[in-house]
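Me: I am new to this one and would like a short walk through it. Could you show it to me?

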Amino acid sequence: QNSPKGKMPPRQLVPVSVGQQSLLMGMMAIVVIVSTMGSGPIVAVEGDVAAVLELSPTFVQQQVDPAKALSIQLTNLAQFDQHLAQNASIDIAVLGEYALYAPVFLSREWVLPYAYELPLDDLTTVACNNATWQSRSPVLARVSCMAQQRASYLVINLAERATCGDPRIPRIVRNCTEGEPVVFNTQIAVDRNGALIAIYRKSHLFYEYEFDAPLVPDAVYFDTDFNVRFGALICFDIMFAEPARTLREKYGVRDFVYSTWWVNKAPLINALQTQMAFALTFDVNILAAGSGLHKYTSGSGIYMPTGALDTVYNPTMSPETTLLTASVASSSSSSSFSSPHTRILHNNKHSNPHLSAADSPLLWPSSSRPNPLLSYDSNYTIIPFTVTNESTQVRVTASQNSIQCAFSFERAVVTMPSASGDASYFALIVLDGIYNHLFPLSLCAVTRCKLPGNCLDFHLNTDTTLVAWQLQAKILSESGGTHRTWYPMAMGNRGSLLPFVWQQDSLLASSATPNGADILSTTLWGLHF
């Protein structure tokens, strides 16, 4: 079965059944794994490799002409190609959102020089060495040639230009005038032969006023010759029901390609923790490619429902580019997927210690729109508590509207006493309402505070181990048929993934290690879908 937006490539080996659609089952595990939806066990085939590139892109923070815009995009594609050359056996590679130009756009006029049309009439188009498409969409042509040369599936995020009133594109949210330009934040997939096989337009824009969004989220997937079906998502889409639900339930998708330019808000939420929560909650695998520009945007990984095979997070203001790969050869049957490894980068060669969230480069392109790092206008209930080396059997609770949150731990170890003594400051944070004017949310969170009374501002450091910690949510009343999908998260020092145990039935997250670990936060995000 093929999506209207994706066509089976010519190198397909066998028909794809639901029971075979698992990238990390079929590509990256050396053990036999039984699919929950399939008809039998799937054994990994040695040699299949997946990659994500966390790129720190080249960009210009000013309006440019089409020639300059093309030069910038080709420069970033060349970086992508150079990193792919590190591993000649890559079968599929994903590049992050905005990776070809960065989010520099103050208006639709700024983005149009970067945007090109796509061949909507024929998704088998091979743009490489095609004179028509080299002229009409040189970025697509370059990606097509790269896919041919590398014999890899490539997933790229780009700006797609279309025309209002064109029946080949989906209806958009805004009212446009027939014939005027429409610009989508689009993810494309190209197969090993260089053929365009999928076009996905971002459904949920994050204050991206210069782009258009489909009126109805479009469920787009593509099939590969290594028997894996991939669904497509971009950044903020991960916080909403659609199109992921349709991809899972209607098309049997168990694997996702995900491009993101995430806005990190540690200690409350970061890219790595969100990506891991998505894989865990929906029992899927995800190839997530972010931006390595700095700590406010970084976070990429390759995930199974039981944990991360590899992740990277850049906790500095130094631009970093990192290629992650996972394969049969790099996985181990003895690996503890509940104890994920995070590559924490430490190179500060271009850092600016005086750069704040407010003036961070390319965190947010315009002062005329909200800066999400500085926006904490949700109506939180915040219960502060102090932790010392003498703290034992601590329990803190709080409620708001229809939700109650409880946090406890048996004992604490404060490893780096502060100037005020051996005290460490934490807070239990509860929200049952609208999160930053974005969406309804039920939230239970415990965060290490940056300073007493300052528990939400961005920071990445913790000096405190909590032994046998537990965070639990309890629904006090259901109103209006509200259904919540829970994303459990835990963050360690410098933004790393922190191992934890999740019990869905009781909405309980708890420490996965008997002696605890340095904890920056643990959060339960109850999304209303």
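This is a predicted model: local features need pLDDT of at least 70, side-chain atom pairs count only at pLDDT 80 or more; totals for chains, interfaces and linings use all residues.

Me: How many helices and strands are in the chain?

Reply: The chain has seven helices and 26 strands.

Me: And how much of the chain is buried?

Reply: Of its 529 residues, 62% are buried. The accessible surface is about 19600 Å², and carbon and sulfur atoms hold 50% of that.

Me: How many aromatic pairs does a search of the whole structure find?

Reply: The search gives 26 aromatic pairs. One of them joins phenylalanine 206 and phenylalanine 236, with ring centres 4.8 Å apart and planes at 70°, so this pair is edge-to-face.

Me: Where do phenylalanine 206 and phenylalanine 236 lie?

Reply: Phenylalanine 206 is in the loop between β7 and β8, while phenylalanine 236 is in the loop between β9 and α6; the pair therefore ties together parts 30 residues apart in sequence. Both phenylalanine 206 and phenylalanine 236 are buried. They also belong to a cluster linked by ring pairs, whose members include Tyr207, Tyr435 and Trp525.

Me: What about phenylalanine 278 and phenylalanine 282?

Reply: Those two form an edge-to-face pair as well, 5.2 Å from centre to centre with 65° between the planes. Both lie in helix α7, four residues apart, about one turn of the helix. Phenylalanine 278 has a relative accessible area of 1%, and phenylalanine 282 has 13%. Over the ring of phenylalanine 282 sits the charged end of arginine 248, 3.9 Å from the ring centre.

Me: Changing topic: how many salt bridges are there in the whole structure?

Reply: The search finds 17 salt bridges. In one of them, aspartate 121 pairs with arginine 168, and the closest N and O atoms are 3.0 Å apart.

Me: Is aspartate 121 buried or exposed?

Reply: Aspartate 121 counts as exposed, because its relative accessibility of 67% is over the 50% cut-off. Arginine 168, at 36%, counts as partly exposed.

Me: Which salt bridge does arginine 192 form?

Reply: Arginine 192 meets aspartate 225 in a salt bridge, at 2.8 Å from N to O. Arginine 192 is in the loop between β6 and β7 and aspartate 225 in the loop between β8 and β9, so the pair ties together parts 33 residues apart in sequence. Arginine 192 is buried at 11% relative accessibility, and aspartate 225 is buried at 5%.

Me: Which residues do salt bridges that share partners join into one network?

Reply: That network consists of Arg108, Arg174, Glu180 and Asp212.

How values were computed. Residues are numbered from 1 along each chain as its sequence is written. Side-chain values use heavy atoms; hydrogens and water are left out. Rings of Phe, Tyr and Trp (its six-membered ring) pair if their centres lie within 6.5 Å; planes under 30 degrees apart count as stacked, over 60 as edge-to-face and the rest as tilted. Helices (H or I, at least four residues) and strands (E, at least two) are DSSP runs, numbered from the N terminus. Buried means under 20% relative accessible area, exposed over 50%, partly exposed in between (1.4 Å probe, protein chains only). A charge sits over a ring if NZ of Lys or CZ of Arg is within 6 Å of the ring centre and within 35 degrees of the ring normal. Accessible areas come from the Shrake-Rupley method with a 1.4 Å probe; for residues, only the protein chains shown count as cover. A salt bridge is a side-chain nitrogen of Lys or Arg within 4 Å of a carboxyl oxygen of Asp or Glu.
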